[in-house]
Amino acid sequence: MGASSPPPPLPPLHPHLRIPHSAPARLLLLFLLLIFPPVSTSVNITAVLSAYPDLSDFNRLLRSTSVPGDLAGRSSLTILAVPNAYLLRSSAARAAAAADIADVLRYHVLLEYLSWPDLRSIPAGGKLVTTLYQTTGRAAGNLGAVNLTRDDEGAVTARSPFPFSASNATVLDLVGTLPYNVSIFAVDALLLPYGFDLAASETRPSVRVNITRVLVDGRDFNVAASMLEASGVASEFEAAERGAGITVFVPTDEAFADLPVTERLQSLPADRKAVVLRFHVLQSYYPLGSLESIVNPVQPTLATADTGAGRFTLNITRVNGSVAIDTGVVQASITRTVFDQNPVAIFAVSKVLLPREIFTGETSGAMQAVAAAPQPPEAAGLAPQGAEEVDTPPASMSSPPGVREDVTSGADGREEVALFCTASLYLMLLLLV
């Protein structure tokens with residue numbers, strides 16, 4: 001085999017990750033730390049990695065999973081990132097299609113901050129470091145950890161602690177660091193935990209997810225769970241899992257309680273209520289990272305399959321840093337991840353998703369009914385100009401908001417307010433001069 005050309009060099013350390021070294025800057029930093037309490041030490045890993053084009057493929061894989069959410073609130077991390085050129089030569093093609101790609105990436109997250117000096121001082125017997133994958137409980141013993149070793153020439157290798165594991169990766173370079181929270185090292189291969197069979201994970205049948213049970217266990221979704229159980233569409237959701245997967249948006253109990261009185265969801269016929277439930281389900285599996293970077297914002301739902309293309313669709317965008325879901329009637333936002341395991345993702349949403357195909361017509365009908373209702377006696381004072389027996393004062397004499405309640409009925413009270421306002425304006429002009 002001929003020698004392949006080396007990959008392009010990695011970009012230099014991002015300026016935003018540099019720490020000032022001058023004495024005044026350090027004193028200022030210390031002063032700020034003493035005055036302002038720390039708000040959070042968590043770091044947006046995907047945002048940090050986006051500064052390095054040579055790590056874009058690795059970052060894309062990371063965003064397609066729930067791993068960035070797993071890191072929320074964590075600090076002291078070391079990321080073993082695989083550059084694009086090396087990722088193409090490794091098992092990445094199969095890994096991207098595997099159901100457990102998230103666990104592969106969790107294996108590249110070391111729950112300890114390591115610098116270059118730390119790696120150079122690794123003892124001869126190696127150093128065992130806990131990974132994010134180890135914390136899932138899916139690894140036997142300490143096989144979810146990474147063993148870092150250093151040879152006589154100083155090269156550092158990451159491998160499984162199992163003695164005969166074939167998966168290993170050599171540390172190429174330090175890409176960036178944010179002392180003492182995060183460091184990013186480039187490695188030359190994708191690491192796999194011992195016993196992790198990508199080929200088997202691609203072909204094994206997925207475990208059917210009982211969505212109703214997930215909602216009951218979530219505790220904030222009692223209304224949605226009862227509606228799902230009573231409607232009989234839960235079996236449709238589970239059948240859809242066997243295709244491209246599903247993404248379910250579940251309103252919280254508070255969202256159901258906040259429904260306007262004009263939106264009579266519970267009084268809909270059973271078949272229409274089932275359509276609304278199907279309207280909360282996308283026909284593909286989308287982890288949160290994929291929703292945040294979705295290319296086509298208009299997404300068909302499970303209800304679209306029964307009614308035709310272009311109907312009962314959701315518009316998914318990113319608004320103010322969160323995922324927004326627009327139905328044409330309401331706009332909801334994702335509040336948290338309830339369940340995420342390929343091929344099923346379940347997210348809590350802040351509002352009930354009301355399809356415009358059903359609720360726009362009902363809302364307009366309700367508004368027409370209100371408009372046609374007899375006016376209350378208080379509305380008589382708003383009769384059109386020229387109506388008999390109504391003494392409507394000139395518009396120029398109407399008092400400003402907040403003053404009307406203090407104005408006595410009759411012309412004398414209105415004149416007093418007008419004189420007071422005029423005098424006040426005159427006094428302000430004198431003061432300005």
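I looked up β8 and β9 and found them paired in the antiparallel sense over 2 bridges; two strands pair if DSSP finds at least two bridges between them. Threonine 247 stands opposite leucine 282 in β9. Strands (E, at least two residues) and helices (H or I, at least four) are DSSP runs, numbered from the N terminus.

The model is predicted: local features need pLDDT of at least 70, and side-chain atom pairs count only at pLDDT 80 or more, while totals for chains, interfaces and linings use all residues. Residues are numbered from 1 along each chain as its sequence is written, and side-chain values use heavy atoms, with hydrogens and water left out.

I then turned to the partner of β8 in the parallel sense: 6 bridges join β8 to strand β14 (residues 344-349). Valine 349 is the bridge partner of proline 251.

Is strand β8 (residues 246-251) buried or exposed? I noted that 6 of its 6 residues are buried, so β8 is largely enclosed by the rest of the structure. Buried means under 20% relative accessible area, exposed over 50%, and partly exposed in between (1.4 Å probe, protein chains only). Ile246, Val248 and Val250 point one way, and Thr247, Phe249 and Pro251 the other.

For the whole sheet I recorded an open arrangement of 7 strands in the order β9-β8-β14-β13-β12-β11-β10, with mixed pairing. β9 (281-282) and β10 (298-300) stand at the edges, each with a single partner strand, so one side of each has no neighbour in the sheet.
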